[in-house]
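Please look over the structure shown below before reading on.

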Amino acid sequence: MAGKIFTLRNGDELTELTPTQFSNENHFQGLIEKHPEILAGDQINPDNPRKWLFISREMGVPAEQDGGTQWYLDHLFIDQDAIPTFVEVKRSTDTRIRREVVAQMLDYAANAVQYWPIETIRNKYEQNISDTNSLPAIGIVPGNEDIFWQSVSVNLRAGRIRMMFVADTIPSPLQRIIEFLNTQMVDSEVLGLEIKQFLSANGMTTLVPHLIGRTAAAVQTKRGESRKWDEQSFLEQAVQVSGNEIAAVCEKLLRLFESLGCYIWWGEGKDRGGFVPVYIGKQRHQLCSVYNWYKKSLVEIYFQYMKEPFTSTEYRMELKNNLERIPGVYIPDERIEKRPSFETGLLNDSNNFDLFADAMTSYIEDIKAHETT
């Protein structure tokens with residue numbers, strides 16, 4: 001436990017504050033939920049302090065696709081760069097604060113990146129939205145909400161997450177594990193945060209956060225963790241990932257959406273380049289995304305982000321059927337409210353490309369017809 005600290009008022013009025021343990025874990029968790037500023041965003045990134053969007057306390061984590069809750073994460077936050085932040089809270093008196101809490105956190109992370117639907121996360125946020133806990137409060141411009149949630153989903157699936165162990169005292173064995181993991185992991189960040197509580201005789205409470213794990217080696221490992229893609233960098237990567245022929249299809253898709261009057265939004269991220277064609281009428285309509293994924297390029301259809309009146313099952317089924325005219329494209333009925341994908345290589349055949357172009361053109365024409373009436 002830390003030593004005493006003192007405050008000085010009016011030059012000579014000294015107040016002594018004594019280190020005091022948190023009364024219980026629930027109280028500790030409640031402070032973090034109510035005052036996420038104590039999560040030391042300025043220590044995590046001094047040049048661009050983290051701002052926190054609270055998603056949920058006791059966030060359920062499944063162990064299989066569409067499965068029920070297997071575990072409960074203490075807190076889920078998301079920062080202004082759409083990085084999901086997993087927070088697990090323990091008091092120093094809890095014997096699980098050593099190795100067990102690490103295994104627990106890794107369980108949460110490994111399953112959440114695989115099985116958490118972005119719809120679940122967004123719904124949890126909307127249940128807890130307030131003036132101080134909102135997208136504008138962390139700097140997200142109104143109108144860019146869908147893009148933000150799309151970025152959250154991309155980061156989650158790519159494992160670009162932050163795992164934070166919070167305690168009043170982090171023991172040396174746990175500190176060594178945190179520093180080791182944070183140095184070894186490139187996409188994920190692993191941090192510890194000590195939050196010490198001091199009380200005065202007159203009831204004043206002082207909380208002092210101290211970050212653990214942001215070593216020089218860890219910072220070097222993660223340097224350059226984000227970039228803004230553009231056409232040249234995306235197509236160069238497409239050649240590396242999928243070869244010249246498929247990269248040419250990606251370029252052809254770019255030209256198609258530009259000819260249909262779409263704005264091209266380029267993604268951000270360290271490893272995987274991509275773009276989203278957005279048709280802007282009275283509303284912003286995100287149509288799909290085209291992105292590089294390991295050894296292939298994918299087209300992801302944005303059923304999830306469709307706007308009224310195109311959210312009906314009938315319209316989604318019509319678009320699904322139009323896309324399934326392309327040999328090799330199959331969209332399960334249960335995916336028409338999500339973001340199903342297929343390999344861009346299927347569009348290397350000119351007839352297949354024309355079928356895709358017809359489906360997208362018809363969709364945009366329907367948007368125009370609706371928004372001009």
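## Enclosed space

How many cavities of 30 Å³ or more are there by the rule used here? This is a predicted model, in which local features need pLDDT of at least 70 and side-chain atom pairs count only at pLDDT 80 or more, while totals for chains, interfaces and linings use all residues. Residues are numbered from 1 along each chain as its sequence is written, and side-chain values use heavy atoms, with hydrogens and water left out.

The count comes to 2 cavities of 30 Å³ or more, a cavity being a set of points on a 1 Å grid over the protein atoms alone where a 1.4 Å probe fits but cannot get out.

## The second largest cavity

The second largest cavity has a volume of about 30 Å³, a volume being the space filled by probe spheres set on the points, which are joined across faces, edges and corners. Its lining (residues with an atom within 4 Å of a point) consists of Tyr315, Glu318, Leu319, Asn322, Ala359, Ser362, Tyr363 and Asp366. Helix H10 (313-323) and helix H11 (350-371) are the elements that give two or more residues to this lining, helices being DSSP runs of H or I with at least four residues.

## Gln80 in its loop

Gln80 sits in the loop between strand S4 (69-79) and strand S5 (84-90), strands being DSSP runs of E with at least two residues. Gln80 counts as buried because its relative accessibility is 13%, where buried means under 20% relative accessible area with a 1.4 Å probe and protein chains only.

A polar atom of the Gln80 side chain lies 2.9 Å from the backbone oxygen of Pro49, and the side chain of Gln80 also reaches the backbone nitrogen of Lys51 at 2.7 Å.

How values were computed
1 Å grid on protein atoms, 1.4 Å probe; cavity = no way out; pocket = protein on both sides within 12 Å on 5 of 7 lines; lining within 4 Å. Buried < 20%, exposed > 50% of the residue type's maximum accessible area, 1.4 Å probe, protein only. Polar contact = N/O pair within 3.5 Å; in protein donor to acceptor, adjacent residues only side chain to side chain.
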